[in-house]
Amino acid sequence: MTDPLLLGQRVLAILEHGQRDATYKLATLMALIEHSLENLPAGPDDPLTVPIPELAHRVLALYWHQVRPFEGHELAQRRTGSRTRIIDATKALREVARAGNSRLSLELASGRAPAAYTEAIERIALALIKQPLPRLQKLPGASRNDPFLYDDSFLGENVSRSSVRAHGDAIVLRPGVATALARLAGLLKPALEMMWVEDVRRMNKFLESDVPDVAGHLFGRERTALAAVRGPYKETFGPHCFYCSAHLPADNPIDHVLPWSLVGIDGLANLVLACRRCNGDKSNALPAMALVDRALSDTRLSALDDIATQLQWPTQRERVVAAARGIYRGQPPGVPTWSGYKHSERLDITFSSWWIAQI
Ligand SMILES: [Zn+2]
């Protein structure tokens, strides 16, 4: 079996060496981690096929909000001379979908402009097979790639989409890699975000003088954006904390059930009303499985469908379920989970519910 720690060290090593030319490698790795978490294979030593269009969708989702102007500036995500294919494709879709500078979700935008969405995915897929994917696995000082994550011999600057399609249009994560990446998600994701913020600061001179919240812009921690769900949630579920039932004031927080730091899912299925006390105490902790069970209950999910229509805000139910399954099945038994204000309990792997079951 792949040792997750060794794999994690190697992943960080490929990123640490020298100065990164662009944020695309970080995006590709984040997308691979997310995909592994949400598609955890049955056996810990199994390989995992990652369709390149799906990877392209995740990369698009990462840049989707990032390409909006920040404090009046277009943020550079690369050093002069590097390609901008991924950013250009993302901006083109925003334009056709008339997203402007709003926080319109990628799901809605792709529904509004399906042809432009398909084109964006194709452009990003092409960019990925030419640059980040074939270059990702080069270790410091090495003259050639060490394909420890996936075979990249059929990828490269001169390949075409059709030749990659003929090869299955996917990369295959080596046996054990997907499970190791899923287990490491809680460590790697925040590390990659920090590197990303560092890179963007380095690539944009205006960010050096003052210290605006560029991390918030890049990774969607703009809490104000979530405020829209508060009213409809209170009408539907009552003005109570999801965790402790306390009566809520007008400006209570909206909490991500599966921590934002682990999986950046803003779909309604992952959002609940919380009191300040529970929200602060829970922070980035993994919730007890029974809480996830409640968040994914049939009654809650069907009520969320109505709110989703009303707000034009997707529930992302399937994604939340897949992420929850990946997270909990990848945890060693007995790790502490947050079960309520100042309470924790050991992860109980015998807990069984429809969402954790083997598929
Ligand atoms: Zn509470």
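The structure is a predicted model.

**Helix H6: length and burial**

- The buried residues of H6 are Ala 116, Ala 120, Ile 121, Ile 124, Ala 125, Ala 127, Leu 128, Ile 129 and Lys 130.
- The cover over these buried residues includes helix H2 (24-38), helix H3 (52-64), helix H4 (85-96), helix H7 (132-135) and helix H8 (161-166).

**Packing of H3 against H6**

- The axes of H3 and H6 come within 8 Å and cross at roughly 100°, so the two helices are roughly perpendicular to each other.
- On the H3 side the contact is made by Ile 52, Pro 53, Leu 55, Ala 56, His 57, Val 59 and Leu 60, while H6 contributes Tyr 117, Ile 121, Ile 124, Ala 125, Leu 128 and Ile 129.
- By class, the residues of this contact between H3 and H6 divide into twelve nonpolar, one polar and no charged.

**Packing of H4 against H6**

- H4 and H6 pack at an angle of about 175°, with their axes 9 Å apart, and they are therefore roughly antiparallel to each other.
- From H4 the contact involves Arg 85, Ile 86, Asp 88, Ala 89, Thr 90, Ala 92, Leu 93 and Val 96, and from H6 it involves Ala 116, Tyr 117, Ala 120, Arg 123, Ile 124, Ala 127, Leu 128 and Lys 130.
- The contact of H4 with H6 has eleven nonpolar, one polar and four charged residues.

**Positive phi outside glycine**

- Arg 98, a residue other than glycine, has a positive phi near 50°; it is found in the loop between H4 and helix H5 (106-112), and at 64% relative accessibility it counts as exposed.
- Gln 312, which is not a glycine either, has a positive phi of about 60°; it is found in the loop between helix H15 (298-311) and helix H16 (317-329), and at 48% relative accessibility it counts as partly exposed.

**Cysteines**

- With a disulfide taken as a pair of cysteine sulfur atoms within 2.5 Å, the count comes to zero disulfides.
- Cys 244 is partly exposed, with a relative accessible area of 31%, whereas Cys 275 is buried, with a relative accessible area of 9%.

Methods:
Residues are numbered from 1 along each chain as its sequence is written. This is a predicted model: local features need pLDDT of at least 70, side-chain atom pairs count only at pLDDT 80 or more; totals for chains, interfaces and linings use all residues. Side-chain values use heavy atoms; hydrogens and water are left out. Buried means under 20% relative accessible area, exposed over 50%, partly exposed in between (1.4 Å probe, protein chains only). Helices (H or I, at least four residues) and strands (E, at least two) are DSSP runs, numbered from the N terminus. Contact means heavy atoms within 4.5 Å. Axes are lines fitted to C-alpha atoms, for helices over the stretch in contact, and angles run from 0 to 180 degrees between N-to-C directions. Angles under 35 degrees count as roughly parallel, over 145 as roughly antiparallel, 65 to 115 as roughly perpendicular and the rest as oblique. Ala, Val, Leu, Ile, Met, Phe, Trp, Tyr, Cys and Pro count as nonpolar, Asp, Glu, Lys and Arg as charged, and the others, Gly among them, as polar.
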